[in-house]
Amino acid sequence: MRFVSFLMLFGLCLCGSASASAKPFSLPEKEEAYVSRLIKKSDALKLYEKDEWRALLHYHDRLFSSESTIDSPNFFLAPDGKYSPKAELHATLRAFFTPRENIKSREGESPDYRHPLCLYPARFRFLDKNLKIDASLLPKVDCKEYRETMKKLNAKKLTLIYTSAYMGNPASLLGHTLLRIDGEENLPLLAHAVNYGAITGNDNALSFMIKGIWGGYPGVFSLSPYYDTVNTYNNMENRDIWEYRLNLPQERLDDLTAHVWEAGHATADYYFFSENCSYILLEMLDVAVPNADMAQQYYRPYFFMDYVIPVDTIRTVVGIPGLAGEAVYRPARQTKIKHAYDSLSDAEKAELRKVLHAPRRTDEVMASALSPSQKANVLETAYEFLQYEYLARHVGLDEMRKDTLKLLKARSSIPEKSTLPPVPVPEKRPDQGHASAATAVFGGRRNGENFIDYNIRLAYHALMDDSEGYLPFTEITYMDTDLRWYERSNDLRLQKLKLVNIRSLAPRNELFKPMSFQFSTGVERYEYPGKEKDGTVFFADGGVGASFEVLPKTVFFTFANLHLKSGGYLPHSGFVGAGAQAGFFADLKKFRILAQAEYVRASDKTARSRRYEAKAAYSLTDNLSVIAEWTYENRHRDDIREGRIGMQYQF
């Protein structure tokens, strides 16, 4: 467990070890001459240009330079190692021959814990394979901690893990990826998960979004038992998990696990959109599949910013021939409970209400007219819900223990099995859903004037998109941009840019009562009533509410909203408003329809309005849709009528 603890402490126990060995030192004459020959041989073979070496150091090409994603200086042995693969290779070869007495250990460590041969086993594997290093000239070191960790991992298989989006945490709105190292036994819960994430401390959601976008947090690797991962994501955050088994030869798997040890010494600045969990793990996989160069695919010089969507990285891995094998679905606890509840008859639901909350009247359920199997259905659903309530901190430990015993005692008295069906595997995996980026062309008319809109959206999923493979009744988009050209005035303008747009219409029912919420911010063209021309303003809209699935696949929702508009174009530079909104959204697979209305009472009386909106979309293919939209805004002085129809392509 030493290595697990070491990684969870962000590798700080090794700070200074690499830099100490990077200082100039003299090797014995024989070793010095031998290292010089190795360096010449490596240069002749151009090992510093090989994909395997570049992957081990996390080098990536940029428009005018090459550098490592890793930012902690202690990861590098050469002063300019972050930017020079060649200098780092030379320094690494010299460091391997560092005499043992030149390396200082700390109390509680083995004498050789900090020797470069023990810190960088993956680098040594690569260089030894290509240079055939004479082991007799190397210092005799005992890498006890590394050897014990490799024995504990006993790596025989590798699995790529994808957890679905979690609306309760800004860091997980787009999902999350990690790796699982499986041992020889087929016991995945006892395997080890390799995770990468930001250390945010006690920062709130707003601070995370701001600092996370600009690299304000250190990103670190951690290694933990996979059952902890399942408990966190599957049970506590109620996120479905997909496990993609990867086909790797043992030699490549050994290279990767050796690099996992090395990466534990390092930190990298965490960027929410680009150098995030999924990008860094692709760099890790490049060690095992060096010729694929998976991470480099996400450098986009044609956009003004890089961005990496977790589900896109899954598509990248799955798209490599022969790499990805079977995909296993692990539904979240909440998914299981919802499915069980939907499977109950009305009579079973009536009895379930008696044991959902304390005092749990199990005696009344046992005395009911239900069949033994139906009683088992009720008690098992109630038990799972009680565990969910405890993890969600809705009930205390004492109540959970007492009521668990009560439910289990009643269930054990029924020999019959329950008839609850297992959760079906979704028709589409997350990687089989629509692509993350989108572009569209619309033709429309606004107050008697024809226009053409061109839309580009960098990510990720909108309500009007096909939801198969995505979290239903949710919308998360970034950099959603509309450019508009008016026919009459021959005028091209930025009509709207939504920097961030988030909406959750998670339905409430008897068991689960999530709040619906929405938030959107950016810039837009706004027609202030009474002015001859519109102007560009900053806007921020948000609200909370509730949604109910009254009909299958259809939610009815209500929101209480706040609105802000600001800009020199507006009187007094802006205004605020409060709105009451209601509507419904139907997701009928290929066909989606949204209708909503809102009354906004603004601090500026002139800006008060009633807005009515309807949208419909039909999917021709997974990535091609027809979308129609209509808007009518009844305002203090002048009304706005707008309609448009077009085609959207996702890529």
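Modeller: Helices here are DSSP runs of H or I with at least four residues, numbered from the N terminus. On that numbering, Pro-359 is found in the loop between helix 15 (346-352) and helix 16 (362-366). Keep in mind that this is a predicted model.

Biologist: OK, what is the mean pLDDT of the protein?
Modeller: The mean comes to 92, and 95% of the residues reach 70 or more.

Biologist: And where does pLDDT stay under 50?
Modeller: Over residues 1-24. The model does have 51 contacts beyond four places in sequence for that stretch. Still, where pLDDT is low, the predicted coordinates should not be read in detail.

Biologist: Back to Pro-359. Is the peptide bond from Ala-358 to Pro-359 cis or trans?
Modeller: That bond is cis, with omega near -5°. Another cis bond runs from Ala-459 to Tyr-460, with omega near 15°. Most peptide bonds are trans.

Biologist: Where's Tyr-460 placed?
Modeller: In strand 11, which covers residues 449-461.

Biologist: Switching to helix packing. At what angle do helix 5 and helix 7 pack?
Modeller: About 95°, and their axes are 11 Å apart. Helix 5 is residues 85-96 and helix 7 is residues 121-131. The two are therefore roughly perpendicular to each other.

Biologist: Which residues meet there?
Modeller: From helix 5 you have Glu-88, Leu-89, Thr-92, Leu-93 and Phe-96, and they meet Arg-123, Phe-124, Leu-127 and Leu-131 of helix 7. By class, this contact has six nonpolar, one polar and two charged residues.

Biologist: How do helix 7 and helix 11 pack?
Modeller: Helix 11 (residues 250-263) packs with helix 7 at about 140°, with the axes 7 Å apart. Helix 7 and helix 11 are therefore oblique to each other.

Biologist: And which residues meet in that one?
Modeller: Helix 7 brings Pro-121, Ala-122, Arg-123, Arg-125 and Lys-129. By class, the contact of helix 7 with helix 11 has four nonpolar, one polar and eight charged residues.

Biologist: Now rings. How many aromatic pairs does the count come to?
Modeller: The count comes to 20. Tyr-196, Phe-221 and Tyr-270 form one aromatic cluster.

Biologist: Which ring does the charged end of Arg-484 sit over?
Modeller: The ring of Phe-451, at 3.7 Å from its centre. Arg-644 lies over the face of Phe-442, 3.9 Å from the ring centre.

Note on methods: Residues are numbered from 1 along each chain as its sequence is written. This is a predicted model: local features need pLDDT of at least 70, side-chain atom pairs count only at pLDDT 80 or more; totals for chains, interfaces and linings use all residues. Side-chain values use heavy atoms; hydrogens and water are left out. Axes are lines fitted to C-alpha atoms, for helices over the stretch in contact, and angles run from 0 to 180 degrees between N-to-C directions. Angles under 35 degrees count as roughly parallel, over 145 as roughly antiparallel, 65 to 115 as roughly perpendicular and the rest as oblique. Contact means heavy atoms within 4.5 Å. Ala, Val, Leu, Ile, Met, Phe, Trp, Tyr, Cys and Pro count as nonpolar, Asp, Glu, Lys and Arg as charged, and the others, Gly among them, as polar. pLDDT is the predictor's confidence in each residue, from 0 to 100. Rings of Phe, Tyr and Trp (its six-membered ring) pair if their centres lie within 6.5 Å; planes under 30 degrees apart count as stacked, over 60 as edge-to-face and the rest as tilted. A charge sits over a ring if NZ of Lys or CZ of Arg is within 6 Å of the ring centre and within 35 degrees of the ring normal.
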